[in-house]
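Here is a short briefing on one protein model. Take a look at the sequence and the fold before reading on.

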Amino acid sequence: MDDKMKKLKRIGVLTSGGDAPGMNAAIRSVVRYGVYHNLEVIGILRGYAGLINGNLRPLDHRSVSGIINRGGTILETARCDEFLTEEGQRKAVETLKRNRIDALVVIGGDGTYRGAIQLWDKWHIPCVGVPATIDNDLNGTDITIGADTAINTALEATDKIRDTATSMERVFVIEVMGRDSGFIAIHVALASGAEEVLVPELSHNLEDMCRDIVEGSRRGKNSWIIIVAEGAARADKVAEKITEMTGLETRVAVLGHIQRGGNPTAQDRILAARLGAAAVDLILNGEFGKAVGIKDGEINVVDLHDAVKGKGAVVEPFYQLTRILT
Ligand code: F6P
């Protein structure tokens with residue numbers, strides 16, 4: 001251990017951007033693993049906004065009791081435009097220096113990582129990232145914390161909509177989140193037995209889709225579930241087209257923010273526990289400007305710059321299978 005690493009005593013942890021189920025489990029892991037390794041841990045409230053305004057809260061073993069199963073984030077989160085400015089970053093750095101915070105764990109998605117890149121590259125603040133976003137759009141990890149819970153939440157809603165769609169002989173267009181990623185959509189489509197799915201990674205011909213629906217209707221099929229990723233199309237526009245071309249009764253369900261809430265699944269809690277500890281290990285080893293992830297079941301480390309390079313969800317095989325099995 002060199003001198004610089006020996007001096008490292010106090011770390012900060014924040015959650016930023018859209019909350020994701022499992023963020024609390026990640027905070028708990030960072031705190032308890034850090035305390036186990038004799039680090040003091042300071043929670044920063046409301047992400048980078050809290051860093052700018054100096055909203056801090058010391059966290060100990062007890063203060064993260066009873067949160068492993070809770071959705072949201074006890075540290076709260078925000079999207080912070082002020083942090084994009086030089087002045088905002090200067091204030092954030094002053095907060096860290098004034099409170100003698102030696103290194104920072106950021107938990108979040110693309111925007112959160114971009115903030116950490118600024119802090120590390122421009123201001124030399126040691127930062128490490130933990131991937132938490134329902135969108136699963138970061139490189140260096142097979143899956144991000146929160147994505148599994150979001151899929152399961154959207155799937156449960158889709159199953160319920162299937163009940164009414166079948167009973168009332170309707171077409172349902174269900175819009176799921178994911179920003180520019182079709183990850184949630186493609187998984188929900190395969191798992192729910194949806195008839196069609198529209199994702200931003202693939203081009204789609206709505207007229208062909210409508211012809212398939214008409215053809216199915218002639219054969220006696222009487223209900224359809226169409227999953228639409230928010231980055232691919234607007235569900236109401238798709239529904240209008242379907243009504244216009246098929247004459248079938250069509251309804252829209254935009255699942256929205258329910259996909260961000262709820263108790264994290266076992267997979268998300270376990271992922272968060274492992275990645276929170278792995279992030280502290282990076283700090284203890286003096287490896288900064290990096291993010292942790294999971295690849296083929298093992299902890300993986302990636303440069304923050306590479307993590308945000310835009311991972312395309314692998315959708316093609318799932319798309320083909322969804323179509324074959326429908
Ligand atoms: O990044 C997570 C996410 O839920 C996206 O899927 C969605 O596009 C966006 O955040 C919604 O953001 P907001 O909660 O700010 O409306």
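In which helix do glutamate 215 and arginine 218 both lie, and how many residues apart are they? They lie in helix H8, three residues apart, which is about one turn of the helix. The model is predicted. A search of the whole structure finds 23 salt bridges, two aromatic pairs are counted, and the largest pocket has a volume of about 700 Å³.

- Glutamate 215 and arginine 218 form a salt bridge, with the closest N and O atoms 3.5 Å apart.
- Arginine 218 has a relative accessibility of 66%, so it counts as exposed, the class for values over 50%.
- Aspartate 208 and arginine 211 also meet through their side chains in a salt bridge, at 3.0 Å from N to O.
- Both of these residues, aspartate 208 and arginine 211, sit in helix H8 (residues 206-218), three residues apart, or about one turn.
- Aspartate 208 has a relative accessible area of 37%, so it is partly exposed.
- Arginine 211 reaches 48% relative accessibility and therefore counts as partly exposed.

- Glutamate 86 pairs with lysine 122 in a salt bridge, the closest N and O atoms being 3.3 Å apart.
- This pair links distant parts of the chain: glutamate 86 is in helix H4 (residues 86-98) and lysine 122 in helix H5 (residues 110-123), 36 residues apart.
- Glutamate 86 is partly exposed, at 41% relative accessibility.
- Lysine 122 is partly exposed too, at 38%.

**Aromatic pairs**

- The count comes to two aromatic pairs.
- Tyrosine 48 and phenylalanine 83 form a stacked pair, 4.2 Å centre to centre with 15° between the planes.
- Tyrosine 48 and phenylalanine 83 are both buried.
- Tryptophan 120 and phenylalanine 288 have ring centres 5.7 Å apart and planes at 65°, so this pair is edge-to-face.
- Tryptophan 120 is in helix H5 and phenylalanine 288 in the loop between helix H10 (266-284) and strand E10 (290-295), so the pair ties together parts 168 residues apart in sequence.
- Tryptophan 120 is partly exposed, with a relative accessible area of 27%.
- Phenylalanine 288 is buried, because its relative accessible area is 10% and buried means under 20%.

**The largest pocket**

- The volume of the largest pocket is about 700 Å³.
- The pocket is lined by 36 residues, and the closest to its centre are Gly17, Arg79, Asp110, Gly111 and Arg179.
- Helix H5 gives the most to this lining, with six residues.
- By class, the lining has nine nonpolar, 14 polar and 13 charged residues.
- Where does the largest pocket lie? Domain 1 (3-146 + 264-307) and domain 2 (149-260) both give residues to its lining, so the largest pocket lies between them.

Definitions and conventions:
Residues numbered from 1 in each chain as written. Predicted model: local features only at pLDDT ≥ 70, side-chain atom pairs only at ≥ 80, totals over all residues. Heavy atoms only, no water. Salt bridge = Lys/Arg side-chain N within 4 Å of Asp/Glu carboxyl O. Helix = DSSP H or I, 4+ residues; strand = E, 2+ residues; numbered from the N terminus. Buried < 20%, exposed > 50% of the residue type's maximum accessible area, 1.4 Å probe, protein only. 1 Å grid on protein atoms, 1.4 Å probe; cavity = no way out; pocket = protein on both sides within 12 Å on 5 of 7 lines; lining within 4 Å. Points joined across faces, edges and corners; volume = space filled by probe spheres on them. Nonpolar A, V, L, I, M, F, W, Y, C, P; charged D, E, K, R; others polar. Domains from an automatic or database assignment. Phe/Tyr/Trp six-rings, centres within 6.5 Å; stacked < 30°, edge-to-face > 60°.
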